[in-house]
Amino acid sequence: MNFLGSSVLGAVFNLNHPAHTVDWSFIHMAVANVVVIVLMLVVFVLALLLPFPGAAHRRGGGS
Amino acid sequence: MSAAPPKPQRPSSWTVRVREAGVAALPPEKLLPDGQPTYVASWIYVFGVATIASLVVILISGSILALKGPAWWHYTGVGHFFNSIHMWAVELFFFVMVVHLWGKYWMAAWRGGRARVWMTGAVTFLIAIPTALTGYVSQQNFDAQWISTQAKDGLNSVGVGAFFNVTNFGQMYSYHVWLLPLAIVGLVAAHVLLVRNHGVVPPFDLDKRAAALSAAKPDADGPAAASTGGQS
Amino acid sequence: MSRLGGLLHPKDNTQPWKGRYAPYDLVKEASIAVGVIALLAVVLSVLFSSPDDKPSTIAQWSRDLPVNFVAAAAKQLDGTSGTAEYGPPYNHNSKGVNAWFLRPQKWLGVSHPINTANDFVIDPLKTVPDNPTLQSAIAQYQAAPEATQKAWGEAYAKPLEEYETALEEKKTPPKTVALDSTTGAVTVQASGAGPVPTLMTGLLDLAKSGGLDGSLLTSEQFFQTDYTKPLLFMADGGLLAERAEGQHLLGEQWGMMNETGSYPGQAWLWLYSLWYQVEPFKESANADILVMLMMSVLSLAFICVPFIPGVRGLPRKIPIYRLIWKEHYAAGSPPPPKA
């Protein structure tokens, strides 16, 4: 697959630079990890709140 | 007086016994049901299958990396791309697995004899951590050098380093590519089959709970419990 | 049931579901999930790729930080390096760490024996051809009694330690250690060091040529996959730690959770990393075993959540379940299933 040169497969955003950190008291966390954890909490809350499709089936359908 | 029915003879064939036990525990309609209880009505329920999906992407991308050997991804763009897929699939795997864990905890999903479902899930999470560690130390780059020389101290402190040497690339690669994924797949299979056997945990039964509470302690949860005594 | 049994197995009123079922296509759901996750992984790979910082070699270390290399090599020879004084599983020169009476590091014994003087210095130097001065220095060193070897080693190591300390404290380094910037040669003024200066110069030259990397790896046999010796030697020096600090990978930087560059790392190791930042673990020489024991207890508790009073009862008390099953509770008691 030589036509897929490294320029095509190279990253759009280059993350190969030293990380920024979130510093609070004794906590020093890399921004990327904080983003991941915050996203997990957001996704969890959204999963609880967003309506799940198929309500009509569950009300009237099924055996 | 009629005679007691004759006791069915236990088959002597191990094959028949295993088959009958399997079919009894998981008849086809339980193994692959085409319906779910109506309370399965929340997006939180998709995070279990999302974890399995992430595992599938990890295994496929990992297999391609294994096909070409551990050095491939360092010197080809395609190899680096499959390494990236493998790495991001691992991030996604832990992401969705932990959201699944949060959901199951707040549902108290171990109820109704489902303790083993919880326990197999917990062990899967705990085994996934050394699976990731063996992957990190198999990268054959600076990250692998640093992680292995640091992780050895924690493992040596509890004696595990005596037989699990993170600086031994050959050993770590073997654990990562075969032994630990085998354990993970086995645990996930057991976990899913237990869920199919027991069914998805039902909601907390507020009506019965309210009745039990009001019988035992008149002032406990009274107003809230009364308002949930709904009718269809 | 016994009292303990009653505590571990509370009254669980959960009944099998007797209500309605609705169509739910598990195979389609799984197929869609695989497609979505695969697409997400590909998109993230296209956007961000993955890190691949090149590994360090002993050759690079000896060329970029020659004084640091010679200081580390001198400690390997006189048995005062981190690896030399580690204890099991590498040697018996220390009892290792402990948590009260628990000494698993000692109990599991020496499974990967390393004698730093021989394995890291003498044996690699013996492979250097056509250098009679070096070979006679090796012979002189090996023939000397242990006390003499120790005295030579200490005499040579002292000016190097003073040099390294001055650099750490950002003070002017002593003139007893000189680095020739054109040749990369290190000269240590130390009287009473015997053949040690010749050995160290020989090892620095072997390292710069790449021969030490190869020698440490293939000393037992040609085919090798065990990088323990070159990694431990490098970890005793400053190069790996210097690179790690730049990438926020040190312990006090919560490094266990981090990846090189700005990539997400191992967020799931947050609790394991946290203990190392707080007392009594932070300043303890036994931090590793104490943190491991703490995490083992917590992991066991995590597995046994269904049996732990209080923890297992929390989901009822904090009704997040009302959001998950809001449709079910809004519908009221389930009618019996249709015949």
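Residues are numbered from 1 along each chain as its sequence is written, and chains are lettered from A and ligands numbered from 1 in the order in which they are written. Because the model is predicted, local features need pLDDT of at least 70 and side-chain atom pairs count only at pLDDT 80 or more, while totals for chains, interfaces and linings use all residues.

Chain B comprises 10 helices and 1 strand; helices (H or I, at least four residues) and strands (E, at least two) are DSSP runs numbered from the N terminus. The order of these elements, from the N terminus on, is α-α-β-α-α-α-α-α-α-α-α. Of the 232 residues in chain B, 46% are buried. A residue is buried if 20 or more other C-beta atoms lie within 10 Å of its own, exposed if 12 or fewer, and partly exposed in between, with C-beta atoms placed from the backbone. Residues are in contact if their C-beta atoms, placed from the backbone, lie within 7 Å. Among contacts in chain B between residues at least 6 apart in sequence, those joining residues at least 24 apart account for 65%.

Two domains are assigned in chain B, domain 1 (43-107) and domain 2 (111-202), with bounds that come from an automatic or database domain assignment. The centres of domain 1 of chain B and domain 2 of chain B, taken over C-alpha atoms, are 14 Å apart. Contact between them involves 10 residues of domain 1 of chain B and 9 residues of domain 2 of chain B. On the side of domain 1 of chain B that touches domain 2 of chain B, α3 (46-68) and α5 (77-106) of chain B each supply at least two residues, and the largest share, 4 residues, comes from α3(B). By class, this side of domain 1 of chain B has 10 nonpolar, no polar and no charged residues. Here Ala, Val, Leu, Ile, Met, Phe, Trp, Tyr, Cys and Pro count as nonpolar, Asp, Glu, Lys and Arg as charged, and the others, Gly among them, as polar.

The contact between chains C and B takes 78 residues from chain C and 80 residues from chain B. Helix α2 (residues 26-48) of chain C gives the most to the side of chain C that touches chain B, with 12 residues. That side of chain C is made up of 45 nonpolar, 20 polar and 13 charged residues. Strand β1 (residues 35-37) of chain B also pairs with strand β1 (residues 21-23) of chain C, in the antiparallel sense over 3 bridges; two strands pair if DSSP finds at least two bridges between them. Within this pair, B:Q36 stands opposite C:A22 in β1(C).

Chain C also touches chain A, with 30 residues of chain C in contact with 28 residues of chain A. On the chain C side, β1, α2 and α16 (321-324) each supply at least two residues. The side of chain C that touches chain A has 17 nonpolar, 10 polar and 3 charged residues.

The largest nonpolar core has 135 residues, and those with the most contacts inside it are C:V70, C:L199 and C:L203. α5(B) gives the most to this core, with 16 residues. A nonpolar core is a set of buried Ala, Val, Leu, Ile, Met, Phe, Trp, Tyr and Cys residues joined through C-beta atoms within 7 Å. Not counting residues up to four places away in sequence, C:V70 touches C:L160, C:V186, C:M200 and C:L204.

In helix α4 (residues 66-78) of chain C, 13 of 13 residues are buried. The end C-alpha atoms of α4(C) are 18 Å apart, in agreement with the 18 Å that its 13 residues should span at 1.5 Å a residue; the expected span is 1.5 Å times one less than the number of residues. C:G79, with a positive phi near 75 degrees, follows α4(C).

Most residues other than glycine have a negative phi, and most peptide bonds are trans. The peptide bond from C:P88 to C:P89 is cis, with omega near 5 degrees, and C:P89 is found in the loop between α4 and α5 (104-107) of chain C. C:W100 lies in the loop between α4 and α5 of chain C and has a positive phi, near 55 degrees. C:W100 counts as exposed because it has 9 C-beta neighbours inside 10 Å. The peptide bond from C:E279 to C:P280 is also cis, with omega near 0 degrees; C:P280 lies in the loop between α13 (270-275) and α14 (287-303) of chain C. In chain A, A:S25 has a positive phi near 55 degrees and is found in the loop between β1 (21-24) and β2 (27-30). With 6 C-beta neighbours inside 10 Å, A:S25 counts as exposed.

Conventions:
Two residues are in contact if their C-beta atoms, placed from the backbone, lie within 7 Å.
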